[in-house]
Amino acid sequence: MAPEQSPEQSVTALAEERVDHRFKALPPDAEGLTVGALAAERRNLFTGGFTTPVLALSAESVEANLTLLDTYAERHGLAFAPHGKTSMSPQLFARQLEHGAWGITAAVPHQARVYRAYGIGRIFLANELVDAVALRWLAGELDADPDFTFACYVDSVRGVELMDEALRAAGAVRPVDVVVELGAGQGARTGARTEADCAAVADAVAAVSTLRLVGVAGYEGEVPDASPERVREWLRRLVALAADFDAAGRFGALADDEEILVSAGGSAWFDAVADVFAKIPALSRPVCKLLRSGAYVSHDDGHYRHLTPFNRVPEEGALQPAFRLWAQVVSRPTPEQAFVNAGKRDAAYDLDLPEAQVVRSGRDGSVRPATGVAVTGLSDQHGWVRTEAGAELEVGDWIGMGLSHPCTSFDKWQLIPLVEADGTVTDYVRTFF
């Protein structure tokens, strides 16, 4: 069904949810309050009754990151559909849209359903959608809401056949817009491997009435042995594919004023996307140059700190890591070892271990750098900490840790305090994984 509320209205409704045992780390004495009422109290993360471990999201860093990517996309003539799978947070979606986002990218049907439940009117699904049940739901959404815009990948003739079969069975009225996905190379992830394969998929789309070809797309992050030149070479192939399809009249189902969609762009190579997309030649219709980076919203202190394109183009700005996981020292069995009460259930660990950054004294609340303190491993509910000679650390201290990989940081927490620099909690970010 069509959403009855805008993203902003839907986010407002989230504030009416009750705080209870479902949400880690929230103050026990807040039980029964609405999220909005708790936010209005502006409690302090350290003295306001929160239990450890607790994940905090920096309000200032999130705002800076939202502004930076909005500015970057506008400067380079790019539309921006940030990948929502990073946060799965309607509040952050709404803020991304407020900062100029074209729409929100999804990867699987569940994500698209969450987006629709919270008023998202334009969705790009970066996957081939062949689930008949999901296609029936999609057909209903499109037919019920003429303003709903949706596009997804196709990368196989068989996929086109399955989509057509499911949509005809569902009695779909509006065709589903699709883009042919060009694979990033042999051994890469999804996508048709050659231009000939792409043409065959496009021919299959043209042969059915339930689908409409609107562009081409792919993901440069999967280019094997990626380097700036290898990534740009693949992006040039993608642009050439769009031009060839246009010259062959393959976008004839589009009205003259509708845009041809050309899309790429994860969080590691969007500078290359901007460079190559700037050289897209004039086509028979306007071109929507769509970037889909998602991890920028929180950035991180590990994987993306090293990979961000802003390392290569520092004059364009810099993203700020927004996550800090606070855990308490619960054991100090030897001078070289300590244990905190946060583990795999609380911290991302698929790419890098958490990074100890600061220590907050359990005695007087003073904060100092975590000199000589390092996280060496994680159990389910414990963090293993090594301490060097002279490192001051005792049971009861809090350790603030930076995290790596935003996607697996968000998905471990359902309600995340949004915290200002002085520790004031101004809001709570709800996630739906």
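1. Ser298 sits in the loop that runs between strand 9 (287–291) and helix 11 (303–307); helices here are DSSP runs of H or I with at least four residues, strands are runs of E with at least two, and both are numbered from the N terminus. Ser298 is buried, as its relative accessible area is 0% (buried is under 20%, exposed over 50%, partly exposed in between, with a 1.4 Å probe and protein chains only). Leaving aside neighbours within four places in sequence, Ser298 is in contact with Leu57, Asn65, Gln320, Pro321, Ala322, Phe323, Pro406 and Phe410, contact meaning heavy atoms within 4.5 Å.

2. A word on the basis. This is a predicted model, where local features need pLDDT of at least 70, side-chain atom pairs count only at pLDDT 80 or more, and totals for chains, interfaces and linings use all residues. Residues are numbered from 1 along each chain as its sequence is written, and side-chain values use heavy atoms, with hydrogens and water left out.

3. Now the overall picture. The protein has 12 helices and 18 strands. The C-alpha trace spans about 70 × 45 × 35 Å along its principal axes. Of the 433 residues, 55% count as buried. Among contacts with a separation of 6 or more, 71% come from residues 24 or more positions apart.

4. On to the core. The largest nonpolar core holds 144 residues, and Phe124, Phe150, Val176, Phe277 and Ile399 have the most contacts inside it (such a core is a set of buried Ala, Val, Leu, Ile, Met, Phe, Trp, Tyr and Cys residues joined through side-chain atoms within 4.5 Å). Helix 9 (residues 228–247) gives the largest share of this core, nine residues. Beyond its neighbours within four places in sequence, Phe150 is in contact with Ile123, Leu125, Leu129, Leu138, Leu142, Val176 and Asp177.

5. Strand 17 (residues 415–419) is worth a look: five of its five residues are buried. Both faces are covered, with Leu415, Pro417 and Val419 on one side and Ile416 and Leu418 on the other. Strand 17 pairs with strand 1 (residues 54–58) in the parallel sense over two bridges, pairing being at least two DSSP bridges between strands. Here Leu418 is the bridge partner of Leu57. With strand 18 (residues 425–430), strand 17 pairs in the antiparallel sense over five bridges, and Leu415 stands opposite Arg430. The hairpin of strands 17 and 18 has five residues between the strands, and Gly423 there takes a positive phi near 95°.

6. Strand 12 (residues 355–360) contains Gln357, which is buried at a relative accessible area of 18%. The Gln357 side chain makes a polar contact with that of Asp301 at 3.2 Å (N or O atoms within 3.5 Å; within protein, one must be able to donate a hydrogen and the other to accept it, and residues adjacent in sequence count only if both atoms are side-chain atoms). Not counting residues up to four places away in sequence, Gln357 also touches residues including Arg324, Pro369 and Met401.

7. Val359 is in strand 12 too, and counts as buried at 1% relative accessibility. Val359 and Pro369 are 10 residues apart along the chain, with their C-alpha atoms separated by 6.1 Å. Leaving aside neighbours within four places in sequence, the contacts of Val359 include Pro369, Leu393, Trp398 and Ile399.
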